Amino acid sequence: MGKPAKRWGRWGSYLAALGMSVATAAAAQDPPPAIAPQLQLVDRLPARRATPPGEASKTAYLLVYFKEHAHSLFFAVSKDGYRFTDVHDGQPVLSGRDVAEQKGIRDPYLMRGPDGAFYLTMTDLHIFAKQEGLRDTPWQRPEQDYGWGNNRSIILMKSRDLIHWTHARVDVTRLFPAYREAGVAWAPEAIYDPRARKIMVYYTSRIGKGVHSIVYSYADPAFRTLTTEPKPLFAVPRAGKNAVDADITRIGDRYHMFFSTDDGGGHLRQATSARLTGGYVYDPTKVDPEAVDTEAPMLWRRHGTGTYVLMYDVFGARPNNMGFSETTDFRTFRNIGRFNDPGSPMTTTNFTSPKHGSVTAITPAEADRLLDYFKAR
């Protein structure tokens, strides 16, 4: 979820001790202003005209991410999956103040649906809103009732060209009576369910200050709301242990879910199932190589290979960074380092300290269109 502090145990003292100093330091940085151009928000998208690009043509990559001090959306592209360049020279492509109820976004995730459209999900949450004068209270609701970082809404956006986007805020506590007392709606992601023939949105939830688990709902075709009451998707089998930041990828005939947990040393774990909507078998083996805190695992494939990259937010690093491991069998994970570390093939050209994001396969023409659009400023 992109939290800046100690948070394990029962996740109750997120901003204690070291965490409070980190939060204060991050909040002291003024967020950069929104520099034109920005992504364009539209009421509706044009009808689909072109056939979606085939897998063979999607040889480039788009990294979407946020930054702790900015609470806004950033894009970076890569033609080879190793060297990433921010399309707006390290500036936000969309201001969180323009789209979020809390005037800040976190945890962006982007997927391409079978219709060729892009589906973007984000957490509606600003953890420094009081420090920045955006509200009078530390959190949206009382911490004694709903805990650290409480929020009510997720953001859903849809595009056909990565530039023009529809936009909706979905308050799960108002939409679904059973979740009226939900403490959080964190780190939403989307995946196409071929059985239901719908886009499924899954995210971290808890009731009040309770244990975190993963729930799911289905979205409407316009991607403006959720149409089904959240159902349980996955919970850590050990009582009192949390699961957050789930990421699901279909590999062959199985679904692989990576997530963060406080169940044992290290934070990243894996669960697998033959069904998208349940039956996940938990593997307690730590999957990342980091000795410091990590979260927000996300899996993506290197084009034309059977190699998958597990990306994760190394929020325990100072400054924070993204880390990467590669796997072909989902049992062994080869550490390839963090962005710009000595010896790591993973590099950035014009940005630093990305947090909790995702990588999506796109075409070189789509990458060039984004670069050309933001060069126009």
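Which residues does T360 touch, not counting residues up to four places away in sequence? That was my opening entry for this predicted model.

**Entry 1: T360**

I looked up the contacts and found A60, Y61, L62, L110, M111 and R112, with residues up to four places away in sequence left out. T360 itself sits in strand β22. I noted its relative accessibility as 7%, and because buried means under 20%, T360 counts as buried. Its side chain also reaches the backbone oxygen of L110, at 2.8 Å.

**Entry 2: the largest pocket**

Next I turned to the largest pocket, which has a volume of about 990 Å³. I found 31 residues lining it, and E55, K58, R112, T249 and A361 are the ones that lie nearest its centre. The elements giving two or more residues to this lining are β5 (105-112), β9 (182-193), β13 (243-251), β17 (295-301) and β22 (355-362). Sorted by class, the lining has 20 nonpolar, five polar and six charged residues.

The largest nonpolar core holds 38 residues, and L63, F84, V201, L226, W300 and F324 touch the most other members. Apart from that core lies another, of 29 residues, with A60, V64, V77 and F118 among them.

Leaving out residues up to four places away in sequence, L63 touches F74, F75, A76, F84, M311, F339, F351, S358 and V359.

Key. Residues numbered from 1 in each chain as written. Predicted model: local features only at pLDDT ≥ 70, side-chain atom pairs only at ≥ 80, totals over all residues. Heavy atoms only, no water. 1 Å grid on protein atoms, 1.4 Å probe; cavity = no way out; pocket = protein on both sides within 12 Å on 5 of 7 lines; lining within 4 Å. Points joined across faces, edges and corners; volume = space filled by probe spheres on them. Helix = DSSP H or I, 4+ residues; strand = E, 2+ residues; numbered from the N terminus. Nonpolar A, V, L, I, M, F, W, Y, C, P; charged D, E, K, R; others polar. Core = buried A, V, L, I, M, F, W, Y, C linked by side-chain atoms within 4.5 Å. Buried < 20%, exposed > 50% of the residue type's maximum accessible area, 1.4 Å probe, protein only. Contact = heavy atoms within 4.5 Å. Polar contact = N/O pair within 3.5 Å; in protein donor to acceptor, adjacent residues only side chain to side chain.
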